[in-house]
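Below are my notes on the model, as numbered points. Please read them with the coordinates open.

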Amino acid sequence: DNYDSAVDDDDIVGIKTWYNERYVKDGSKKVRNALKNMQENGNLIMSVPYGYIKDPYVKTKYYVDEEAAVWVKKIFELYAEGGGYKKTAKMLNEMGVPTPSMLLDRRMRERGIPSKVKVASGWETNAIRRIILNDFYIGTLRLRKTIRNGINGDQRRLSEDNHIVFENAHEPIISVELFNLVQSINNRRREDNAYKGIRKFDNLYAGLLFCGDCGSSLTVTHYNKE
């Protein structure tokens, strides 16, 4: 506003700052409402998981990626057969299966688009976990999983009750039966791995430190040396 502290009234600056802030907040609110309306209509597709590919011309369209879909099916099958996160990741690496970032980087370069993708050197347990827990692979479109508090606020996850869900929204890669089987196995493993012993010492880092691969929280187990 061409403000000059040597000649202008400071009181006016305060009023202008307040007014401009209201304008920014109002604009932010309108954008969030517009995005929410798009989500409620199933029209806000920011990205798709490994196994699908977005239409390069229509932002709301996406299709099964036949190359990657083969490996998505393999991941679910390996896990259902007792593979687990780590073993499944190891087997994919041994077979030379391209990771999501490898595939994205390659396709961008094939289309002549400069790629700045940070390419993972191999499959990790956390990538396997994200895939087997994602109901996108049975045709479910789940939106509004996160929300941002304010203009520059932190992003936080919403509970499933607040998600916007569309069943049978697209072509599935795996069957509902296989997906449910994998979820059942995964839940049983988490229960079996839960520490149910008697705590001897306080863990000062409980709830603060997490595994970089699987996301599990730090636990302390005491063994009898005898």
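1. Thr 140 sits in the loop that links helix 5 to strand 3; helices (H or I, at least four residues) and strands (E, at least two) are DSSP runs, numbered from the N terminus. Its relative accessibility is 2%, so Thr 140 counts as buried (under 20% relative accessible area; exposed is over 50%, partly exposed in between, with a 1.4 Å probe and protein chains only). The side chain of Thr 140 forms a polar contact of 3.2 Å with the side chain of Glu 167. A polar contact is a pair of N or O atoms within 3.5 Å; within protein, one must be able to donate a hydrogen and the other to accept it, and residues adjacent in sequence count only if both atoms are side-chain atoms. Not counting residues up to four places away in sequence, Thr 140 touches Asp 135, Val 165, Phe 166, Glu 167 and His 170 (contact means heavy atoms within 4.5 Å).

2. On provenance: this is a predicted model, in which local features need pLDDT of at least 70 and side-chain atom pairs count only at pLDDT 80 or more, while totals for chains, interfaces and linings use all residues. Residues are numbered from 1 along each chain as its sequence is written, and side-chain values use heavy atoms, with hydrogens and water left out.

3. Asn 168 belongs to the loop between strand 6 (164–166) and helix 6. Although not a glycine, Asn 168 has a positive phi of about 50 degrees. Most residues other than glycine have a negative phi. With 70% relative accessibility, Asn 168 counts as exposed. A positive phi, near 80 degrees, also occurs at Gly 112, which follows helix 4.

4. Helix 2 (residues 66–80) packs against helix 5 (residues 125–132) at about 95 degrees, with the axes 10 Å apart. Axes are lines fitted to C-alpha atoms, for helices over the stretch in contact, and angles run from 0 to 180 degrees between N-to-C directions. Helix 2 and helix 5 are therefore roughly perpendicular (65 to 115 degrees; under 35 is roughly parallel, over 145 roughly antiparallel, the rest oblique). Ile 75, Phe 76 and Tyr 79 of helix 2 meet Ile 128, Ile 131 and Ile 132 of helix 5.

5. Helix 3 and helix 5 pack at about 105 degrees, with their axes 8 Å apart, which makes helix 3 roughly perpendicular to helix 5. Helix 3 contributes Tyr 85, Lys 86, Thr 88, Ala 89 and Leu 92 to the contact, and helix 5 contributes Thr 125, Ile 128, Arg 129 and Ile 132.

6. The largest nonpolar core has 33 residues, and those with the most contacts inside it are Tyr 50, Phe 76, Trp 123 and Tyr 137. Such a core is a set of buried Ala, Val, Leu, Ile, Met, Phe, Trp, Tyr and Cys residues joined through side-chain atoms within 4.5 Å. Helix 2 gives the largest share of this core, six residues. Leaving out residues up to four places away in sequence, Tyr 50 touches residues including Trp 71, Leu 103, Trp 123 and Tyr 137.

7. Thr 99 is in the loop between helix 3 and helix 4 and is buried, with a relative accessible area of 2%. The C-alpha atoms of Thr 99 and Tyr 50 are separated by 8.6 Å, and the two residues are 49 residues apart along the chain. In helix 4 (residues 100–110), Ser 101, Leu 103, Asp 105, Arg 107 and Met 108 are buried; their cover includes strand 1 (52–54) and helix 2.
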